[in-house]
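Visitor: Could you walk me through this structure, one step at a time?

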Amino acid sequence: MTYRFVVNGDPVEVEVPGMRRLLDVLREDLSLTGTKEGCGEGECGACSVLLDGMVVDSCLVPVCQVEGSSVETVEGLADGAALNDLQTAFLETGGAQCGICTPGMLLAGEAFLASGASATDAAIREAIAGNLCRCTGYTKIVEAIALAAQRRSALQVE
Amino acid sequence: MPVEPPVVSPRTLPEAYALLAAEAYRPVAGGTDLLVQITGEMGEPPERVLDIWRLDELRGIRVESDALVIGALTTYGEIRRSPLVGEFLPAFAEAAATIGAVQIQNRGTIGGNAVNASPAGDMLPLLLACDARLVAGSAGGERVIGAADFWPAYRRTALAPNELLLRISIPLVPARTVRYRKIGTRRAQAISKVVMALAWESGDDSRAAWNNVHLALGSVAAVPIRAPRTEAVLENAPPTEATADRAASSLADEISPIDDVRSSADYRRAVAARVLHRLVRDEGHW
């Protein structure tokens, strides 16, 4: 079957079985290997992407359900070589260690920032509760999201 | 890579019914269970899949003649954020918030929870405790199945192979209170060790006796169950310490959980009794 959708703003068309996981379509068919596979069963969040703005585990989404939708992956965050504010905050706080959870953490963080929820420690921790960091560096990740939230709200005030 | 069984994505309910009348399909809604099954690590993957995600008539939450009606494709996230659920059945929003984390809540559906028929299904004790009515549809029409009849055996439902679950109707009973508790290893991403839903009717006085007590549990038997002997202990009793003691001890005797990878029978029995005791204590304010 042919499926058409948008990835990081660009229209794509893939000829694949409808039950192929969005994760595999991104990595194998579209060569977007920034999205990582961790557990493959919706426990770890490493494969998190935004689907029509909502954070989902791409290992649990069959591509037949993505037809006509918009997907954002970690490749879509930076503008060329310029990292976005959340990615920059991860670097500043030491929020990335081995890196395998980082793409998923960034997308879960983006979904949280877009929700407009108040960036309390508890709210950030709930927003990334579906993302496991095997280095256990959660504190720095929470700090990074809080820092980006603070900067974005400062921009809105100006 | 996982197996990729053939899939059809009908756009209308009649189209879906016609497909189901011709051949056996496994429906996929949000995919949070089925996409794990196609990895083949949890038994045989399905031969043929019916993708019902586009059937928008199965979405949404509304109030309809003394019942809250939730479409089968309504996600946990939608239940959690629904002002109607918050007003009429806040325990459903609390339950939805305990399921997985935001990634799962954005995809998993209440209908999928019911049809997947796991004994640990987090919403299922609520459906039992509230006497929910599950509406099934096929080319032949619709029929209503009471929650008490919906899970006849381990991982089985009362649906015929040509039927889809369309919506779940939860009666809104005046003066009914519904409470929900889930015990898991952690607050997010945990499959429950014990799930409990308790519903009763009473007046405004927190010391008044309870009536029509419904107590339902998950993860303590092969199917989600009611606990009728313990309900009888709570029936017509005020929420006092003596009532809580009797009910907790009755529940520990009544249920027969098993040891498995997630917990032990002893722990489940002890924690179920403890959770019920605390629920009664919280309501009695003692």
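Guide: Gladly! Two residues are in contact if their C-beta atoms, placed from the backbone, lie within 7 Å. This is a predicted model, where local features need pLDDT of at least 70, side-chain atom pairs count only at pLDDT 80 or more, and totals for chains, interfaces and linings use all residues. Residues are numbered from 1 along each chain as its sequence is written, while chains are lettered from A and ligands numbered from 1 in the order in which they are written.

Visitor: How many residues does the contact take from chain B and from chain A?

Guide: Both chains contribute to the contact. Chain B brings 25 residues, and chain A brings 26 residues.

Visitor: Which element gives the most to the side of chain B that touches chain A?

Guide: Helices (H or I, at least four residues) and strands (E, at least two) are DSSP runs, numbered from the N terminus. On this side of chain B, α2 (34-37), β3 (49-51) and α6 (102-105) each supply at least two residues. With three residues, the one that gives the most is α6(B).

Visitor: What is the order of the five strands in the open sheet of chain B?

Guide: Two strands pair if DSSP finds at least two bridges between them. The pairing in this sheet is antiparallel, and its edge strands, β4 (61-64) and β7 (141-146) of chain B, each pair on one side only. The order is β4-β5-β8-β6-β7.

Visitor: Which residue in β8(B) stands opposite B:Val69?

Guide: Strand β5 (residues 67-71) and strand β8 (residues 164-171) of chain B run antiparallel, joined by five bridges. Opposite B:Val69 stands B:Ser169.
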